[in-house]
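User: Can you walk me through this structure? I'd like to start with the chain contacts and then go to single residues.

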Amino acid sequence: QQQVRQSPQSLTVWEGETAILNCSYEDSTFNYFPWYQQFPGEGPALLISIRSVSDKKEDGRFTIFFNKREKKLSLHITDSQPGDSATYFCAASDTNTNKVVFGTGTRLQVLP
Amino acid sequence: EAAVTQSPRSKVAVTGGKVTLSCHQTNNHDYMYWYRQDTGHGLRLIHYSYVADSTEKGDIPDGYKASRPSQENFSLILELASLSQTAVYFCASTRLGGLAEQFFGPGTRLTVL
């Protein structure tokens, strides 16, 4: 049973466009949602994260929008750059666990 | 300097053979994790540990053992490697369990023939 779902599986945008990556979860106890970025041949690295007390988190061109009622969140990448081409993982955890549950990832390609 | 290192970076093993994957971290973190990555499945947790000499089962522990002899080192052991264990394996460390940033190693690509 997939507790964290991501869509789309892959996404292609042109340089300068906004890429929108979606994520949903099932467990209402989740209260921490990190997004990890992974380049080919490397391990994932934390990009940006949000806690459930907030509905928005911004860091430069990257913004997380969080809807607790619907158990959904999205990562918006504005002014997408070819260097943003990577796989993005949405993840979730809560204060009662030492584990993080990862989604299956969205592969983003930004064309110049 | 890389804070989480893995060895080997790639390995070819034979079905039924024993495989040991090693992870070393210099972050001074208590928590360490082993994940496998497969296309279409993302990252799945195999085993984790929050203190030396103790390990916990993750979501897909069958066919794997783990060992945490010290705070810095965490190994993943495949006693009888199978074709289905062909994957990329990542080790990660973190300070506060599920609520803190995980720092990943570069991965080990394992191919079982």
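Predicted model: local features only at pLDDT ≥ 70, side-chain atom pairs only at ≥ 80, totals over all residues.

User: OK. How many residues of chain B are in contact with chain A?
Analyst: 23 residues of chain B are in contact with 21 residues of chain A. Contact means heavy atoms within 4.5 Å.

User: And what area is buried between chain B and chain A?
Analyst: About 1700 Å², with carbon and sulfur atoms giving 55% of it. Buried area is the accessible area (1.4 Å probe) that two parts lose on being put together, summed over both.

User: Which elements of chain B give two or more residues to that side?
Analyst: β4 (31-38) and β5 (42-51) of chain B. The largest share, five residues, comes from β5(B). Strands are DSSP runs (E, at least two residues), numbered from the N terminus.

User: How do the residues on that side of chain B divide?
Analyst: Twelve are nonpolar, eight polar and three charged. Here Ala, Val, Leu, Ile, Met, Phe, Trp, Tyr, Cys and Pro count as nonpolar, Asp, Glu, Lys and Arg as charged, and the others, Gly among them, as polar.

User: How many salt bridges across the interface of chain B and chain A?
Analyst: Zero by the rule, which asks for a side-chain nitrogen of Lys or Arg within 4 Å of a carboxyl oxygen of Asp or Glu. Two residue pairs are in polar contact across the interface, both at pLDDT 80 or more. A polar contact is a pair of N or O atoms within 3.5 Å; within protein, one must be able to donate a hydrogen and the other to accept it, and residues adjacent in sequence count only if both atoms are side-chain atoms.

User: Now Phe89(A). Is it buried or exposed?
Analyst: Phe89(A) is buried, at 2% relative accessible area. Buried means under 20%, exposed over 50%, partly exposed in between (1.4 Å probe, protein chains only). Phe89(A) sits in strand β9 of chain A.

User: What does Phe89(A) touch?
Analyst: Leaving out residues up to four places away in sequence, its contacts include Trp35(A), Tyr36(A) and Phe102(A), and from the other chain Gln37(B), Gly42(B) and Leu43(B).

User: Switching to cores. Which residues have the most contacts inside the largest nonpolar core?
Analyst: Trp35(A), Leu73(A), Leu75(A) and Tyr88(A), in a core of 26 residues. Another core, of 19 residues, lies apart from it; Cys23(B) and Phe74(B) are among its members. A nonpolar core is a set of buried Ala, Val, Leu, Ile, Met, Phe, Trp, Tyr and Cys residues joined through side-chain atoms within 4.5 Å.

User: What about Gln25(B): buried or exposed?
Analyst: Buried, at 1% relative accessible area. Gln25(B) is in strand β3 (residues 19-25) of chain B.

User: Where do its polar atoms go?
Analyst: The side chain of Gln25(B) reaches the backbone nitrogen of Asn27(B) at 2.9 Å. A polar atom of that side chain also lies 3.0 Å from the backbone oxygen of Gln71(B).

User: How many salt bridges over all chains?
Analyst: Seven. One of them joins Asp84(A) and Arg61(A), at 2.8 Å from N to O. That pair links distant parts of the chain, 23 residues apart. Asp84(A) is buried at 5%, while Arg61(A) is partly exposed at 25%.

User: And in chain B?
Analyst: Glu79(B) pairs with Lys65(B), the closest N and O atoms being 3.1 Å apart. Glu79(B) is in the loop between β8 (73-78) and β9 (87-94), and Lys65(B) is in strand β7 (residues 65-67). Glu79(B) is partly exposed at 33%, as is Lys65(B) at 44%. Salt bridges with shared partners also join Arg36(B), Asp38(B) and Arg44(B) into one network.

User: Last topic, the backbone. Which residues does a cis peptide bond join in chain A?
Analyst: Ser7(A) and Pro8(A), with omega about -10°. In chain B, a cis bond joins Ser7(B) and Pro8(B), with omega about -10°. Lys71(A) has a positive phi of about 60° although it is not a glycine. Most residues other than glycine have a negative phi, and most peptide bonds are trans.

Note on methods
Residues numbered from 1 in each chain as written. Chains lettered and ligands numbered in written order. Heavy atoms only, no water. Helix = DSSP H or I, 4+ residues; strand = E, 2+ residues; numbered from the N terminus.
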